[in-house]
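Subject: Structure handover

Hello,

Here is the structure we talked about handing over. Please open it alongside this email.

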Amino acid sequence: MEPILSFRTLQKEAKKIDSNTKEIRVAVLGNHTTTFFSKALKNQLTVAGFDAQIYESDYDQIDITIIDAASGLYDFDPEVVVIFESALKLKDKFYAVDDNQHRAQFYTEVSDAVRNRISLIRANNSQAKIIYFTYELLDDHVYGNLFSKIPHSFYKQVWKINTDILNLSEVEQDFYVFDINKYLQGISDYRDWPAFINSDLHYSIDTFAVLTYHITQFIKALKGSFKKCLILDLDNTTWGGIIGDDGIENIQIGALGIGKAFSKLQKWAKELKERGIILAICSKNTEEVAKEPFEKHSEMVLRLKDISVFVANWKNKADNIRYIQEVLNIGFDAMVFIDDNPAERDIVRQSLPEVTVPELPEDPALYLPYLTSLNLFDTASYSDNDKDRTAQYQQEAERKKLISSVTNMDDYLKSLKMEGVIESFKEKDVPRIAQLTQRSNQFNLRTQRYTENDIKEFMTSEAHLTYAVKLKDKFGDYGLISVIILEKKADNSIFVDTWIMSCRVLKRGVEYYAINTIASDAAGMDAEIIVGEYLETPKNKLVADLLEKLSFGTTKTDHIYQLNISNFKPFKHYIS
Amino acid sequence: MNDVHNELTSLFREVLENDDIVLTNETTANDIDEWDSINHIYLVVEIEKHFGIKFTSAQILEWKNVGEMLEAIKEKKQ
């Protein structure tokens, strides 16, 4: 799906969609006319598959709305609060300050106000994620190019305010900065001055369509839907020319021909890989020929060690992408496929509509600028573990080879020499734990999403038991791969609030290893039963029978199961 | 002239999301429920885009009815 960047087209497309089920509640607070922004946001969210409710504060009433605990904002109970202030209004406020000494300190006033807004929202018991716009870098051209030396120049103040807001986001939980400037750059006529003068419209209506496209990408990521894998075609996508015809000396990378365009694309892919995006190759080629540049070409940026799954054969690309999906065990909607050939793109789009297939421009010089403009890999979380993912998937490929050489599952599990640790949540693991709750879709019993703050609350809560499981085997370390949160109820029962496991460790017996510990802890606390619930989503069929496998019995209520602790018999597993 | 009139009518219908809109020279914002001040901005933007023209701020305020809008479009198009 190409991004819709025209307000009117967006309105038309959104009208065609009538039954989305994923709910999202977004509040929009602004100091200017946000009607079009809110409409465009609702439409973008609709096109992205959300059933969106939007709350819009009264015109220029941000602070009153936030301060008043009884305001419609808190009644609405938003998941996301977008605060969007216009630099044109900021300028009026700045000009109202009459001496230069105070003007030089204007930025502290603004950033204090931002801090204040965050704490008021929290004080009024909203845990909403806050998306805060930077201010447009609007130069009033009063001090010209001397602005940086003049502390009381408006333009310098805007830079300082933005810097303060950026710094604030490093320390404030659930506070995210949306930089308007990087998006305005790409829009010609981003402001319609007559509409501004006549109707207080601070940006042209199509600008709102662009901004809300990018906000929607971020909201999708916040809600756990984001891209995890980049699949690259080779000939004329990863390098210029055709390796099978032109040979390794003549393909264009680096200095040769327009090789620079391809090198830049490779460099970007490599940076994404370092961030944790999995790279895969899907090419119509003979495997040895296709691999040769990765091994021998001195100017290739990508090397075989960067690629998690390398598929080069003469089969249909849709089938090959299905294979890549099986190896990686991620959703098709988490994959992006890049190919210069329109026919290949079309086959993949038709057979696998969930895979994102950008309409690559014809000129390779435009590949990278076009792809970055789509903001495909927006993310709402990052942890240091992410960058090790490639090695983990390569290890997975080796394990798959081993599994085909042993015929008995027990022998195979024994041969892995697995070592596990199960313990309550530790401070240093909080980001990873929150991330698992955010991104796991398949092995996820109830799909409860938690922030780092939420996780810290569970750690100190008397009413909760927390378990984090780490696993390694002879091929490598998986790190923290499973999270379980239990809630102690007043009636001596324990409720399974969350049970998540990374799909990389499916069928290793981790769940049996965990339930043995949980049952013995529960017995030690004199709890009588453990109650579990399966909340079905389109993606978590995998755990539909998890509770029954763990010897929970069904109850009168659908999807509710219970385990009598006194009857529990520990499971056999191979994790020491 | 008829063409411009027809094109304007279909723009009004699409932007205001009301397929029953019929425009005459005498039609004003009071005659069409959806034609409020916010949608007026939207209409102006889409008219400018559709006909490839740009109105001045003063012009936008001056229009009293559809007839005057049509005049302004016709004049700018020349």
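Below is what was found in it, part by part.

**Confidence**

This is a predicted model. It scores ipTM 0.87 and pTM 0.72. Chain B averages a pLDDT of 89, and 99% of the residues in chain B score at least 70. Helix α1 (residues 2–15) of chain B has the highest mean pLDDT, 91. Helix α3 (residues 57–62) of chain B has the lowest, 81.

**Where the chains touch**

Start with the interface. On chain A, 11 residues are in contact with 11 residues of chain B. Which element gives the largest share of chain A's side? Helix α10 (residues 193–199) of chain A does, with 5 residues. By class, the side of chain A that touches chain B has 5 nonpolar, 4 polar and 2 charged residues.

**The parallel sheet of chain A**

Chain A has an open sheet of 5 strands. The order is β2-β1-β3-β4-β5, and the pairing is parallel. Strands β2 (50–56) and β5 (175–178) of chain A are the edges, and each pairs on one side only. From one strand to the next, the twist averages 25°.

Look at one pair in this sheet. Strand β1 (residues 22–30) of chain A runs parallel to β2(A), and 7 bridges join them. Val26(A) has Ile54(A) of β2(A) as its bridge partner.

A helix lies across these strands. Helix α2 (residues 35–47) of chain A lies across β1, β2 and β3 (80–84) of chain A. The helix α2(A) runs at about 165° to β2(A).

**A helix pair in chain A: α7 and α8**

Next, find helix α7 (residues 106–123) of chain A and helix α8 (residues 154–171) of chain A. Their axes come within 9 Å and cross at roughly 30°. The two helices, α7(A) and α8(A), are therefore roughly parallel to each other. The crossing of α7(A) past α8(A) is right-handed.

Who makes the contact? From α7(A) come Phe106(A), Tyr107(A), Val110(A), Ser111(A), Val114(A) and Arg115(A). From α8(A) come Gln157(A), Lys160(A), Ile161(A), Asp164(A), Ile165(A) and Leu168(A). By class, the contact of α7(A) with α8(A) has 7 nonpolar, 2 polar and 3 charged residues.

**The mixed sheet of chain A**

Further along, 7 strands of chain A form another open sheet, and here the pairing is mixed. The order is β10-β11-β12-β13-β14-β16-β15. Its edge strands are β10 (419–423) and β15 (553–554) of chain A, each pairing on one side only.

Strand β11 (residues 464–473) of chain A and strand β12 (residues 476–488) of chain A run antiparallel. They are joined by 10 bridges. Ala468(A) stands opposite Val483(A) of β12(A).

Helix α20(A) packs on this sheet. It touches β11, β12 and β13 (493–501) of chain A. The direction of α20(A) makes about 75° with that of β12(A).

Helix α20 (residues 430–439) of chain A packs with helix α21 (residues 452–460) of chain A at an angle of about 110°. Their axes are 9 Å apart. The angle makes α20(A) roughly perpendicular to α21(A). Again, α20(A) passes α21(A) in a right-handed crossing.

On the α20(A) side, the contact is made by Val430(A), Pro431(A), Ile433(A) and Ala434(A). On the α21(A) side, Glu452(A), Ile455(A) and Lys456(A) make it. The residues of this contact divide into 5 nonpolar, no polar and 2 charged.

**A helix pair in chain B**

Last, turn to chain B. How do α1(B) and helix α2 (residues 37–51) of chain B cross? Their axes come within 10 Å and cross at roughly 135°. That makes α1(B) oblique to α2(B). The crossing of α1(B) and α2(B) is right-handed.

Glu7(B), Leu11(B), Phe12(B) and Val15(B) of α1(B) make the contact. Across from them, α2(B) brings Asn39(B), Tyr42(B), Leu43(B), Glu46(B), Ile47(B) and His50(B). By class, that is 6 nonpolar, 2 polar and 2 charged residues.

Best wishes

Note on methods:
Residues are numbered from 1 along each chain as its sequence is written. Chains are lettered from A and ligands numbered from 1 in the order in which they are written. This is a predicted model: local features need pLDDT of at least 70, side-chain atom pairs count only at pLDDT 80 or more; totals for chains, interfaces and linings use all residues. Two residues are in contact if their C-beta atoms, placed from the backbone, lie within 7 Å. Helices (H or I, at least four residues) and strands (E, at least two) are DSSP runs, numbered from the N terminus. Ala, Val, Leu, Ile, Met, Phe, Trp, Tyr, Cys and Pro count as nonpolar, Asp, Glu, Lys and Arg as charged, and the others, Gly among them, as polar. pLDDT is the predictor's confidence in each residue, from 0 to 100. Axes are lines fitted to C-alpha atoms, for helices over the stretch in contact, and angles run from 0 to 180 degrees between N-to-C directions. Angles under 35 degrees count as roughly parallel, over 145 as roughly antiparallel, 65 to 115 as roughly perpendicular and the rest as oblique. A crossing is left-handed if the near helix is turned anticlockwise from the far one by less than a right angle, and right-handed if clockwise. Two strands pair if DSSP finds at least two bridges between them.
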